[in-house]
Amino acid sequence: MDVAILFGMVIAFLAIGVPIAVALGLSSTLFLLVLSDSSLASLAQSLYQAMAGHYTLLAIPFFILASSFMSTGGVARRIIDFAIAIIGHVRGGLAIAGVLACMLFAALSGSSPATVVAVGTIVISGMVKSGYSKDFAAGVICNAGTLGILIPPSIVMVVYASATDVSVGRMFLAGVIPGLLAGVMLMITIYVIARIKNLPKGEWLGFEQVFSTILDASWGLFLMVVILGGIYGGVFTPTEAAAIASVYAFIVSIFIYRDMGPLKGRSWLPEAEADSGLLGLRVWGFTLVTFLLYAVATFMMGASIMIAVYAALVFGAVALLLGFAMAKAVPAGQGMVVAGIAVVVFGVLPMLYAIWSVLTSGTTGLFAIIQIIGAVFILLLPPAVFVFSLVRGAQWLETSGAGFGTSLAVGGKNLLRANVENVIFAVPALFHRDTKATLLEAGKLTIMLMFIIANALILKHVLTDEQIPQHITEAMLAAGLGPITFLIIVNVILLIGGQFMEPSGLIVIVAPLVFPIAIELGIDPIHLGIIMVVNMEIGMITPPVGLNLFVTSGVANMSMMRVVKAALPFLAVLFVFLIMVTYIPWLSTMLPTAYMGPEIITN
């Protein structure tokens with residue numbers, strides 16, 4: 001009865017328009033005053049120490065800050081260009097590219113609203129101009145944006161891990177396969193609709209455009225390597241990864257892309273020298289990046305910095321030879337032939353050798369597949385991107401009529417100038433109005449989210465003090481509840497709760513209630529976490545408090561009800577996906593179990 005009164009007060013406060021955080025805290029306080037023997041002093045202590053012991057929550061403000069810089073710094077636009085270059089030529093390709101862009105940006109931001117804003121602002125207007133209806137465009141982005149909390153790194157996963165004391169790293173790994181599956185399901189649905197309705201398609205722009213857009217987006221996409229590679233490589237913890245990600249996002253937005261801050265509008269190559277200097281800039285630029293990457297690696301491993309110097313010298317010699325070859329081959333119409341040979345020598349052959357080594361090493365199963373995929377991305381993709389970027393530079397050089405030596409001089413001069421600018425404006429960039437505005441927005445979002453979580457933790461304190469989770473566990477087990485029925489109940493509770501509450505607050509409340517029951521029934525806690533995250537996805541696009549609906553409404557300049565109707569067809573896909581995730585546990589548990597071993601529950 002006490003439980004019903006407590007949650008009845010929460011629902012009543014929400015119904016009369018009280019903010020979620022206040023409703024949670026006020027309900028808990030009134031319950032303690034009237035129906036509990038606990039002292040209010042314990043409530044004050046609980047509020048004051050709400051975050052104590054939940055150190056993984058420190059990752060949230062840093063992920064939010066990184067997302068803010070990436071959203072402001074033009075990363076989304078470059079990712080969208082890359083997605084369109086890959087798949088924009090198929091029927092409904094622009095909509096499919098929007099989903100792919102949401103998936104990629106989700107791997108940088110960890111936030112669904114940020115994903116909708118960053119991608120939707122560009123893609124929705126672009127789809128309308130290309131002949132798609134505004135409703136269709138809004139429905140696609142509203143649903144695809146939910147992948148922001150499923151594809152790692154995810155803020156909601158951090159909250160679940162903190163609430164249940166499971167590994168953040170396991171949760172991130174568990175979200176990879178479901179995140180990819182959800183994105184593919186949305187893409188297939190869009191393609192089927194596009195074939196039926198004969199929606200527009202773009203033109204194939206060639207591999208040069210594909211690799212050129214990869215190069216443009218690579219600085220942003222490398223953040224995925226920094227976060228996930230650092231965590232699973234044992235270099236740093238998830239919280240440290242979030243902090244490093246925020247610093248990296250600041251550097252990329254201010255000094256590399258120069259889309260904000262004191263260097264905004266100052267290109268790495270002046271317009272008058274863009275054609276003649278691009279090839280040389282890429283030769284010298286890639287050499288410098290090679291040195292920096294090896295320098296960081298040698299520092300982290302305690303090796304000699306001379307390794308980085310030797311690596312840069314070798315790479316620079318190869319880059320000069322390839323650049324000279326491209327400058328001669330492109331005017332003769334042999335650029336793609338030379339590029340193909342270079343990709344085979346520097347990419348395909350090392351990749352095939354690595355794959356052969358995996359197949360003959362006795363490694364089988366998932367680890368073999370992961371290593372083969374890694375060989376493709378690590379050994380084939382970077383050389384291909386570099387070689388085709390030289391092709392594009394040589395094409396621009398041909399247009400200018402200048403020679404390779406001139407390009408090296410112009411590119412080297414501007415690379416030096418741009419880096420001197422970076423050094424000069426390093427300190428002013430910290431105090432620039434764009435930086436302050438980004439920090440302010442990230443701070444407001446962090447405070448809002450943390451205030452909700454703190455009040456949810458107060459409610460959690462009340463539930464724990466009254467031993468409500470234990471009573472619910474005993475009642476459900478006594479009723480003979482099985483895993484299938486239990487998961488149905490969990491889904492229903494979360495789907496209803498997700499319509500009214502912010503995901504992080506709902507997770508903090510519900511997770512401690514259902515977690516002990518799931519353990520008793522033999523349900524993997526990581527599997528349970530992914531089920532909860534997928535439910536939160538659906539909650540973000542269901543009225544009346546679906547956050548993605550409000551964000552999409554603002555981005556697309558549409559009424560709320562119109563966005564709800566636009567999102568409904570794709571919402572059905574997410575419901576099917578929820579059923580799959582709920583009753584096919586290995587989708588969630590395969591990667592973390594294979595990489596980190598089975599989950600061990602100690603309490």
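Predicted model: local features only at pLDDT ≥ 70, side-chain atom pairs only at ≥ 80, totals over all residues.
Visitor: Why is S68 counted as buried?

Guide: The relative accessibility of S68 is 14%. Buried means under 20% relative accessible area, so S68 counts as buried. This residue lies in helix 4 (residues 59–72).

Visitor: With which residues is S68 in contact, leaving aside its neighbours within four places in sequence?

Guide: S68 is in contact with T438 and A442. The term requires heavy atoms within 4.5 Å.

Visitor: What makes the pair of F286 and F386 edge-to-face?

Guide: A pair of aromatic rings is described by the distance of the centres and the angle of the planes. For F286 and F386, the centres are 4.7 Å apart and the planes stand at 65°. Rings pair if their centres lie within 6.5 Å, and planes over 60 degrees apart count as edge-to-face; therefore F286 and F386 form an edge-to-face pair.

Visitor: Which parts of the chain does this pair link?

Guide: F286 belongs to helix 14 (residues 274–301) and F386 to helix 17 (residues 365–400), 100 residues apart. Both F286 and F386 are buried.

Visitor: Why is the pair of F324 and F404 called edge-to-face?

Guide: Their ring centres are 6.0 Å apart, and the planes meet at 65°. The limit for a pair is 6.5 Å and the angle must be over 60 degrees, so this pair is edge-to-face. F324 lies in helix 15 (residues 306–329) and F404 in helix 18 (residues 404–424), 80 residues apart.

Visitor: Are F324 and F404 buried, exposed or partly exposed, and how do you know?

Guide: F324 has a relative accessible area of 43%. F404, with a relative accessible area of 13%, is buried, since the cut-off for buried is under 20%.

Visitor: How many aromatic pairs does the structure hold?

Guide: The structure holds eleven aromatic pairs.

Visitor: Why are the buried residues of helix 22 placed on the same side?

Guide: The buried residues of helix 22 are F486, L487, V490, N491, L494, G497 and G498. They cover an arc of only 140° around the axis, and therefore lie on the same side of helix 22.

Conventions:
Residues numbered from 1 in each chain as written. Heavy atoms only, no water. Buried < 20%, exposed > 50% of the residue type's maximum accessible area, 1.4 Å probe, protein only. Helix = DSSP H or I, 4+ residues; strand = E, 2+ residues; numbered from the N terminus. Arc of directions from axis to C-beta. Phe/Tyr/Trp six-rings, centres within 6.5 Å; stacked < 30°, edge-to-face > 60°.
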